[in-house]
Amino acid sequence: MKSDRAHPVAIVGGGFSGTMVAAQLARKGIDSVLIDGSGRAGHGVAYSTREPAHVLNVRAEVMSAWADDLEHFVRVAEGEGGNRRDFVQRQQFGRYLRGILKAGMDTGYLRLAERQAVEAKPINGGWTMRLDDGEEFQACGLVLALGNQPPEPLPFGKDSSRVINNPWGGEALAAVEDLAESHADVLLVGTGLTTVDAVLSLDAAGHRGRIVGLSRRGLIPRGHADDMVPVPVEAEDVPFGHVRTLWRWLRKRGAEVGWRAAVDSLRPHSQRLWQTFPPEEQRRFSRHARPWWDVHRHRIAPEVAQRLHDMVAEGRLEIIAGRIQSIEEKGGALKVAYRRRGKSNIVEGRFAYMINCTGPLGRIDRTRDELLKGLLQDGLVRPDPLGIALDVDERSRVTGAERAWAMGPLTKGRYWEIIAVPDIRGQAAAVADDIETELGR
Ligand SMILES: Cc1cc2nc3c(=O)[nH]c(=O)nc-3n(C[C@H](O)[C@H](O)[C@H](O)COP(=O)(O)OP(=O)(O)OC[C@H]3O[C@@H](n4cnc5c(N)ncnc54)[C@H](O)[C@@H]3O)c2cc1C
């Protein structure tokens with residue numbers, strides 16, 4: 001293959017996914033430009049939090065950023081006085097990632113462009129990139145590592161400053177500060193990991209009002225157990241093929257070895273398991289089973305689970321399964337009418353704020369990201385068959401595009417479990433290898 005390295009590889013998104021592809025390329029002596037204008041390059045959304053109460057969802061021992069050096073983060077954490085079994089602060093992991101980014105930049109092969117990418121056009125087997133300050137440059141390949149797209153705005157309270165649609169933005173931080181002073185009640189829409197973060201932030205800020213978390217099923221992430229013993233499962237015993245078979249298998253095995261060990265035993269097989277589901281089974285899983293799967297599979301640190309439990313017991317936190325019926329802003333508060341699941345009467349509550357914690361956007365064609373929107377409109381990338389992310393092949397190459405790869409949550413239609421560090425680090429190494437092969441040595 002002809003060598004083509006006159007231009008750098010453009011990597012859009014400086015979270016864990018983009019940073020690790022850039023770091024892998026730098027090790028290979030391949031130039032790249034890592035583009036991220038959010039101010040979070042080298043951290044991404046998950047690890048840019050400054051809140052000490054926000055800890056990793058898994059122990060330090062599984063969080064190495066390098067697929068070929070699984071003890072890498074343990075060494076760093078131990079060097080900072082930690083322990084491999086700790087659930088360390090997410091900001092500590094952010095510092096670790098930033099160190100990896102800096103080491104990549106020190107090689108001279110990695111340039112950081114702290115701008116948003118707004119356009120990518122194919123040209124001569126490569127790409128022309130345009131950034132939001134007008135800078136244009138040629139790239140020999142494109143890696144889309146834009147992460148999960150922010151949630152769809154809530155369908156009510158569009159003009160109200162009390163309805164906060166971005167749980168990671170400045171408005172949410174200001175609302176937490178305001179609530180910590182007023183101790184007013186707050187409604188969190190959604191009951192997943194974003195809600196857990198919001199509850200911890202409120203608690204740490206000293207808020208003593210009532211927090212209500214509301215979602216259709218009212219399922220909240222479960223905690224890890226210190227005494228869980230892993231019970232691996234062989235590939236031939238994995239219930240490939242159908243959601244119902246998987247469910248039956250999980251119930252039976254859960255009764256034998258405990259639900260945590262049963263769920264975790266599928267982890268090494270989860271991508272293949274997903275790929276054996278026919279499209280209608282994938283749809284069925286996404287619609288009905290995913291909320292249950294997510295809260296059991298993506299668990300939280302035991303101390304975090306305990307804190308939530310205590311807050312429920314103290315009457316400070318209530319998790320409700322239900323649906324919002326209407327919202328009205330009145331007298332400096334939101335009057336929210338909702339119906340509990342399985343009940344017909346309408347309940348009313350008054351809240352100072354409502355925060356959108358519904359999690360990532362479920363339909364990629366509704367993205368508000370200018371670059372992604374343009375690529376979709378121009379037919380240069382297309383949604384996967386479920387419409388949740390981008391269509392990619394088995395090498396994470398974007399279907400139909402030349403020299404374009406996608407990473408992490410943008411590939412979840414193909415891989416399903418590709419949102420956590422252990423999955424993404426392997427993908428980053430594989431994509432960097434594939435880029436090296438494509439560009440020629
Ligand atoms: C709150 C939270 C806690 C988590 N905790 C854990 C954990 O404990 N353990 C674990 O293994 N996993 C955890 N995860 C999951 C996981 O680590 C992340 O989902 C993963 O890091 C995804 O990284 P990413 O780089 O793909 O996306 P992101 O971190 O979202 O980064 C994408 C970046 O791209 C930028 N971007 C988007 N569009 C453009 C554009 N047009 N131009 C330039 N830049 C752009 C964004 O601003 C962002 O900075 C957590 C996730 C969250 C949200």
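The model is predicted, so to speak from the record's own terms: local features need pLDDT of at least 70, side-chain atom pairs count only at pLDDT 80 or more, and totals for chains, interfaces and linings use all residues. Residues are numbered from 1 along each chain as its sequence is written, and side-chain values use heavy atoms, with hydrogens and water left out.

- E8 runs parallel to E14 (residues 353-356), and two bridges join them; pairing takes at least two DSSP bridges.
- Valine 163 has methionine 354 in E14 as its bridge partner.

**The three-strand sheet**
- E4-E5-E6 is the order of an open sheet with antiparallel pairing.
- Its edge strands, E4 (117-123) and E6 (136-139), each pair on one side only.
- Six bridges link E4 with E5 (residues 126-131), and alanine 117 has leucine 131 as its bridge partner in E5.

**The cavity**
- Searching the whole structure turns up one cavity of 30 Å³ or more (on a 1 Å grid over the protein atoms alone, a set of points where a 1.4 Å probe fits but cannot get out; lining residues have an atom within 4 Å of a point).
- Its lining includes Gly147, Leu361 and Lys412.

Notes:
On a 1 Å grid over the protein atoms alone, a cavity is a set of points where a 1.4 Å probe fits but cannot get out, and a pocket is an open set with protein on both sides within 12 Å along at least five of seven lines; lining residues have an atom within 4 Å of a point. Grid points are joined across faces, edges and corners, and a volume is the space filled by probe spheres set on the points. Helices (H or I, at least four residues) and strands (E, at least two) are DSSP runs, numbered from the N terminus.
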